[in-house]
Amino acid sequence: MTKKGFFAVAAVFALSLAGAAASSGTGIDGLFRKTLPNGLEVFVMENDSAPLAYVEIAVRAGGVSQVPENAGLFHLYEHMMFKGNSRYKDQKSFMAAMNSLGVGEWNGSTGVDRVNYYFTVPSDKVRDGMEFWSLAVRSPNMDEGELEREKGVVLSEIRGDYTSPAEIAYAAVSSKLFPSCPWRVDSGGNPHAVENATVAQMREIQEEFYVPENSAVFVGGDVSHEEIFRFAEEIFGGWKRSPRAQAGVVVPPKNVSDSVVKLVYPNETTSDSFVLAQYMLRGPDGQCDAGDTYAADVWSEIARSPDGLFKRMMVSNEKLSIADSDYVGAGYLTARASGRISFSAYMKNEGNPAEKADEFLRAVTVDAVGAMQEPSSGFTSGIDVVERRLSDSRVYEFESAEGVLSGISGSFASCGADYFFGYDSCMRSVTEDDIRSFVSSYIAGKNGVLFVSVSPSVFARYEKDFRDGGFEVVTAENAFWWNSEGK
């Protein structure tokens with residue numbers, strides 16, 4: 001159960017990609033970085049395999065930057081950037097300019113930790129491409145009439161989520177996992193805030209977040225880093241720092257309540273034959289717990305091993321009726337202030353599903369977590385092999401210049417770009433004791449959210465058992481924080 005904006009930022013390169021590139025300052029062959037005097041970070045990945053150049057600009061903003069009164073306005077801002085700027089007076093001119101650059105595919109996204117815009121252009125158009133995004137970010141029109149029209153588009157997207165089972169499930173869990181600030185993980189937004197959005201609010205977002213010290217530019221492909229750095233200084237050098245720039249965010253508490261929160265969702269997309277159970281907890285956050293994310297990643301890889309102890313324990317529990325290891329999962333996702341740990345299982349619908357869900361919770365929090373903390377259990381045996389496998393698997397994610405830069409962009413937003421460059425060595429230094437310490441600090445004895453999805457017919461048959469068992473029933477009406485609170 002993921003959502004746009006949640007992304008793993010761990011990025012690693014094989015030795016074949018990491019050469020003696022001392023001149024790059026990154027330790028990675030062909031990859032260069034520079035920070036302009038105004039704080040803007042610039043990253044260049046040289047790869048002349050095709051006469052193309054990838055251009056992206058990313059801003060540390062999105063859900064994590066929101067308060068209830070402006071939740072959804074970063075999403076709206078993203079849309080407004082395509083409505084014209086100081087050079088291109090309207091959306092038609094904006095799109096025409098993009099077409100003249102030879103852009104085949106382009107996109108913009110608003111996530112929990114990052115807002116970014118990107119496209120690929122012929123390499124001889126790279127300067128124009130960089131300038132195009134500079135204009136879009138630095139001088140958007142924010143026309144009042146266009147703002148009113150675009151509100152309808154954003155509202156239709158938000159309201160579309162209201163009927164999506166996946167979005168309902170995500171919203172329900174997020175509201176319980178982040179009870180003090182559910183809007184921080186809702187990059188779509190609050191329809192009431194969007195309806196009342198003003199141009200003044202858009203300009204406030206621009207002054208506080210769309211500033212050079214909070215942004216980065218990524219260029220990759222058939223380019224020269226010296227030339228790109230020169231272009232960056234010419235195009236972005238005059239972008240002024242802002243005295244209103246926002247820095248860190250308040251990190252939500254790790255323990256969500258005094259006891260486990262239990263939810264059941266009568267989900268029309270769930271088969272009568274299965275019960276889906278997920279248990280989620282708060283994990284390390286990139287802003288303040290980056291050092292713990294390496295152990296979290298290695299733990300996640302160990303827990304996901306098909307023949308590993310965790311999956312074997314869950315499958316062998318006859319009360320859970322799990323067919324095989326493919327139906328069990330565990331993992332961790334890094335984020336700036338919303339790191340999550342998750343356990344999941346698809347269980348055959350045999351017997352009482354409410355009792356089965358409680359047994360899943362017990363099997364995870366007592367049996368599995370107990371074994372993860374016990375040195376003699378063998379949970380962490382072969383950690384060197386696991387770390388090597390984790391390292392090697394990342395290679396395929398970064399085979400292109402675009403892939404490399406996308407990885408840096410994700411790290412930039414959640415943990416800082418330096419995290420990307422130091423990741424491999426830090427991850428490979430994780431020990432068995434570090435894994436046990438991670439489990440003790442973030443999982444053992446901590447309270448999370450147990451989420452159970454069953455078909456409506458199964459729920460109707462066992463509704464009393466779920467309610468008697470302390471499960472809160474999830475509906476579209478109570479899942480979304482802005483709706484359930486009457487915002």
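Biologist: In which sense do strand β7 and strand β11 pair, and over how many bridges?

Modeller: Two strands count as paired if DSSP finds at least two bridges between them. Strands (E, at least two residues) and helices (H or I, at least four) are DSSP runs, numbered from the N terminus. Here β7 (residues 261-266) and β11 (residues 449-454) pair in the parallel sense over 6 bridges. One of the bridge pairs joins K262 to L450 in β11. This is a predicted model, where local features need pLDDT of at least 70, side-chain atom pairs count only at pLDDT 80 or more, and totals for chains, interfaces and linings use all residues. Residues are numbered from 1 along each chain as its sequence is written, and side-chain values use heavy atoms, with hydrogens and water left out.

Biologist: What is the strand order in the open sheet of 6 strands?

Modeller: The order is β9-β10-β8-β11-β7-β12, with mixed pairing. β9 (328-333) and β12 (472-473) are the edges; each has a single partner strand, so one side of each lacks a neighbour in the sheet.

Biologist: Which strands does helix α10 touch?

Modeller: Contact means heavy atoms within 4.5 Å. Axes are lines fitted to C-alpha atoms, for helices over the stretch in contact, and angles between N-to-C directions run from 0 to 180 degrees. Helix α10 (residues 309-316) packs on the sheet against β9 and β10 (340-348), its direction making about 140° with that of β9.

Biologist: How many disulfides does the structure hold?

Modeller: A disulfide is a covalent bond between the sulfur atoms of two cysteines. The criterion is a pair of cysteine sulfur atoms within 2.5 Å. The structure holds 0. For C415, the nearest cysteine sulfur, that of C288, is 10 Å away.
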